[in-house]
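Here is a short note for a colleague who is new to this entry. Please read the points with the model open.

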Amino acid sequence: MTEQHSPLHDEHVALGAALTAFAGWQMPLRYTSDLAEHTAVRTAAGLFDLSHMGEIEVAGPEAGAFLDRALVGNLSGLRVLGARYTMVVQEDGGVIDDLVVYRTGEHTYLVVANASNHDVVLAELRERAAGTGLDVRVEDRSAATGLVAVQGPHALSVVEAVPGLTPDPDGPADVTPATLRYYACLPMRFEGRPVLVARTGYTGEDGFEFFVDAAGAPALWRALLTAGADHGLVPAGLSARDSLRLEAGMPLYGHELDRTTTPHDAGLGRVVRLDKVDADGEPVPFVGRDALAARAHSAPARVLVGLQGLGRRAARHGYAVHASTQPDAPVVGTVTSGAPSPTLGHPVAMAYVTPEVSAEGTELAVDVRGRREPVRVVPLPFYRRPR
C-alpha cells in the first residue's frame, strides 16, 4: 500500500527530517536528535505535525444524543467550544480507540481518532449512526485537514508571536489563546483562513493544537517556526512525542489500550459515564454499557502501573515482568511501553501487573534480553510540569 503524505511533507524534507512509515503515513521520526527535541519541548517549545490523525465531523440536531450512545462519555453535556477525552468501545467493553472530541457548535462535534484507527472509528460511527434513527451526519474531514501542535512552556509566547493569527469575527470576543482553558478550543483566523485552536496535547506540557485546511497548513507551519525562533522552538518528530507522552503517563493505543483492555483496566474508568441519561431521564444504552457497569464493580485481574528502572537498561514493549530478580521468580505482568527518560535520567516503563504486586514501592524485575533488571512500582505520571 502506498504511504500517505502529510500536507507538510515537503516542509519535512526541506528540514532534513528522517522519515518513517507510521499507520500508513510517511511522517517525521526526528529532525536532529531525539534527546534535543524532547528537551526542547520540556524547556522551551516543540512543533509537531499531527496531520496523520483522523478528523471526523459529527453534526445534526441529535449529534450530542448520538455520541452519548456511541461513546462512553457524556458528550451532549459538553459545553460549546469544550473538549473531552473519551473512548469508543466494543459491546464487551474492549477499547476500539481513545479519542478527543471537540464541540465546535451547538449541533457540531469534531471527533479526533488515532491514525491507526481512523478507518475503524469512521466505520463504527457510521454503523452506529445508521442504527439509531437519530438525525445525525458522520463526515470524514481527515484528508482536508492539517493538524499541527506547539507544545512546551513557551508555547503561548510562540502562538502570540504569530503574525496573521487573528480573532474570528464569529468567535467569543472575550477569549484569547492566553485565556483559553485547558481542554477547550477557539475559532480563529490565519491569513484569513479559518483555524480551530485547541489547548490540548500529548506531551504533558502546556500547548496548542491547530486544525486548519490542508492547503493552509504549510504557511501556518512556517509562520510558527519563524515566530518560535526567539523562543527556543524546534520541529519535533514522532520519537520525541512518544518519549514525552510516556513520561506524562499517557496511554498509546496498541500498547496500554487495545480491544482486550477496558478503560477500567487502564486506570481510566473515570471517562466512562454510567450516569448519563437521555432527554427523558432514562439511562443511555451506550455501546458497552452493561459490560463496563459490571467491570466497574469487579476486582481487577491486572493493574496498569509505572515502573522506575533501578539500573541503566530500559524495559521495552512486550518484555515480561517478574516478581523478583531471582531466576525462578514467576511472571507477574507485561511491559506496555518503556524507554530511558531524558527528563528524569533513568529508565521508565508502564506495565500491566497482577494486583498483588501493584502497590507503590514494590520491587520487581523486567527481563531485558535475558537479564533480570530491577524495577520499582511508582505512581503515574512519571513527570508533571511545573505550575
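**Notes on the salt bridges**

1. Arginine 128 and glutamate 124 are both buried (under 20% relative accessible area; over 50% is exposed, in between is partly exposed; 1.4 Å probe, protein chains only). Their side chains form a salt bridge, 3.0 Å from N to O (a Lys or Arg side-chain nitrogen within 4 Å of an Asp or Glu carboxyl oxygen). Both sit in helix 4, residues 118-132, four residues apart, or about one turn of the helix. Helices (H or I, at least four residues) and strands (E, at least two) are DSSP runs numbered from the N terminus.

2. This is a predicted model; local features need pLDDT of at least 70, side-chain atom pairs pLDDT 80 or more, while totals for chains, interfaces and linings use all residues. Numbering starts from 1 along each chain as its sequence is written, and side-chain values use heavy atoms, without hydrogens and water.

3. Aspartate 213 pairs with arginine 193, with the closest N and O atoms 2.7 Å apart. This pair links distant parts of the chain: aspartate 213 is in strand 14 (residues 207-213) and arginine 193 in strand 13 (residues 193-198), 20 residues apart. Aspartate 213 is partly exposed at 26%. Arginine 193 is partly exposed too, at 33%.

4. Glutamate 373 meets arginine 371 in a salt bridge of 3.3 Å, N to O. Glutamate 373 is buried, at 6% relative accessibility. Elsewhere, shared partners join Arg42, Glu205 and Glu247 into one salt-bridge network.

5. The count by this rule is 17 salt bridges. Side chains of opposite charge can pair when their charged atoms come close.
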